[in-house]
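Subject: Two-chain model, handover and notes

Hello,

Please find the structure below, as promised. My notes come after it.

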Amino acid sequence: MKLKVKNLVLIVRWLMRNYKLVSTFVIILIATMSVLLNNCANPATEDIVKNLEYDKLNMITENPNLEPKLKTKILKAMKDGSDDTGDLLYKYRKELVINNATLDNDSKSWWLIIIMQFKDYSTKEIADGLYLWEHYGDIIVSDELLEKAQSRRDK
Amino acid sequence: MEKSEIAIRKTQLLEIVQSEKTLLGDESVAFFTKYIEKTKTIKSFTLATSSVNIAIKRAKKKAGNEDALNIVMNILEKALRNLIK
């Protein structure tokens, strides 16, 4: 017990002697933590969902060919603003948007923009994606699309 | 009726995009202007408005993060100066 108290006194003395070093360390620790917390708390998806009213969400899931289970899953993800919403929408972009007969072409373009915003794409990437959608019918470049583009150029 | 409503919506949305030019940046403004000009249906204007709002909110958040980072960097600089003294 005596040894413990002695050690504690020694620690306090050392801290008092090196108060500059200790205070600097504490400040650096707080600053680092605040940066980390700020980056970890990423309400980007939540922000996007808040901007989309529920009836607009229905617009994308009005597709009669969409499985009810999948429809519920996507609607729930979008309403909750969960982090995998972008990945989920992106994964099913063909069923939800590209092959969705209930959407006109303008709406499809804007939905694809929103999906890419969910995926945190930059403006340039979104513009490239839309160019691909307009010319090749999808927002990503696949080997097949590249081959098609190549053969068109060669002709 | 629909045509005039589309024209009104288009003008309003273009004005919003232009007014947030500093926040969004030239590249985003050019992109949104191009696609808003192309948009022809009321249904899609609802989505376009959402998309522009999303872009504005995200740009504001990014600007806020940069401010927070600058404050933290200033604190760190002061702490290190204090240590060197």
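What follows is a description of the model, starting with conventions and confidence.

Residues are numbered from 1 along each chain as its sequence is written, while chains are lettered from A and ligands numbered from 1 in the order in which they are written. The model is predicted, local features need pLDDT of at least 70, side-chain atom pairs count only at pLDDT 80 or more, and totals for chains, interfaces and linings use all residues.

Confidence

The predictor gives the complex an ipTM of 0.82 and a pTM of 0.71. On pLDDT (the predictor's confidence in each residue, from 0 to 100), chain A averages 78, with 75% of the residues scoring at least 70. Chain B has a mean of 86, and 98% of its residues reach 70 or more. Helices here (H or I, at least four residues) and strands (E, at least two) are DSSP runs, numbered from the N terminus. Within chain A, confidence is lowest in helix α10 (residues 143–154), at a mean of 62, and highest in α8(A), at 91. Within chain B, the lowest mean is 82, in helix α4 (residues 42–84), and the highest is 93, in helix α3 (residues 26–38). Where pLDDT is low, the predicted coordinates should not be read in detail.

Chain A

Chain A has ten helices and zero strands. A residue counts as buried if 20 or more other C-beta atoms lie within 10 Å of its own, exposed if 12 or fewer, and partly exposed in between, with C-beta atoms placed from the backbone. Buried residues make up 22% of the 155 residues in chain A. Two residues are in contact if their C-beta atoms, placed from the backbone, lie within 7 Å. Among contacts in chain A between residues at least 6 apart in sequence, 46% join residues at least 24 apart.

Two loop residues of chain A can be noted. A:Asn100 is in the loop between α7 (93–98) and α8 (105–118) of chain A, and is buried because 21 other C-beta atoms lie within 10 Å. A:Asp120 lies in the loop between α8 and α9 of chain A. A:Asp120 is not a glycine but has a positive phi of about 65 degrees. Most residues other than glycine have a negative phi. With 13 other C-beta atoms within 10 Å, A:Asp120 is partly exposed.

Between the chains

In the interface, 28 residues of chain A are in contact with 30 residues of chain B. On the side of chain A that touches chain B, α2 (19–40), α3 (44–51), α8 and α9 (123–136) of chain A each supply at least two residues. Of these, α2(A) gives the most, with nine residues. By class (Ala, Val, Leu, Ile, Met, Phe, Trp, Tyr, Cys and Pro count as nonpolar, Asp, Glu, Lys and Arg as charged, and the others, Gly among them, as polar), this side of chain A has 14 nonpolar, eight polar and six charged residues.

A nonpolar core is a set of buried Ala, Val, Leu, Ile, Met, Phe, Trp, Tyr and Cys residues joined through C-beta atoms within 7 Å. The largest such core has 33 residues, and A:Trp111, A:Leu112, A:Ile114 and A:Ile115 have the most contacts inside it. Two or more residues each come from α5 (68–80), α7, α8 and α9 of chain A together with α3 and α4 of chain B. The most come from α8(A), with eight residues. Leaving aside neighbours within four places in sequence, A:Trp111 is in contact with A:Ile60, A:Val97, A:Leu103 and B:Leu47.

Axes are lines fitted to C-alpha atoms, for helices over the stretch in contact, and angles run from 0 to 180 degrees between N-to-C directions. Angles under 35 degrees count as roughly parallel, over 145 as roughly antiparallel, 65 to 115 as roughly perpendicular and the rest as oblique.

The axes of helix α1 (residues 2–19) of chain B and α4(B) come within 10 Å and cross at roughly 10 degrees, so α1(B) is roughly parallel to α4(B). The residues of this contact divide into eight nonpolar, one polar and three charged. The axes of α1(B) and α3(B) also come within 10 Å, crossing at roughly 175 degrees, and these two helices are therefore roughly antiparallel.

B:Val52 lies in α4 of chain B and is buried, with 23 other C-beta atoms within 10 Å. Apart from neighbours within four places in sequence, B:Val52 is in contact with B:Leu13, B:Ile16, B:Val17 and B:Phe32.

Regards
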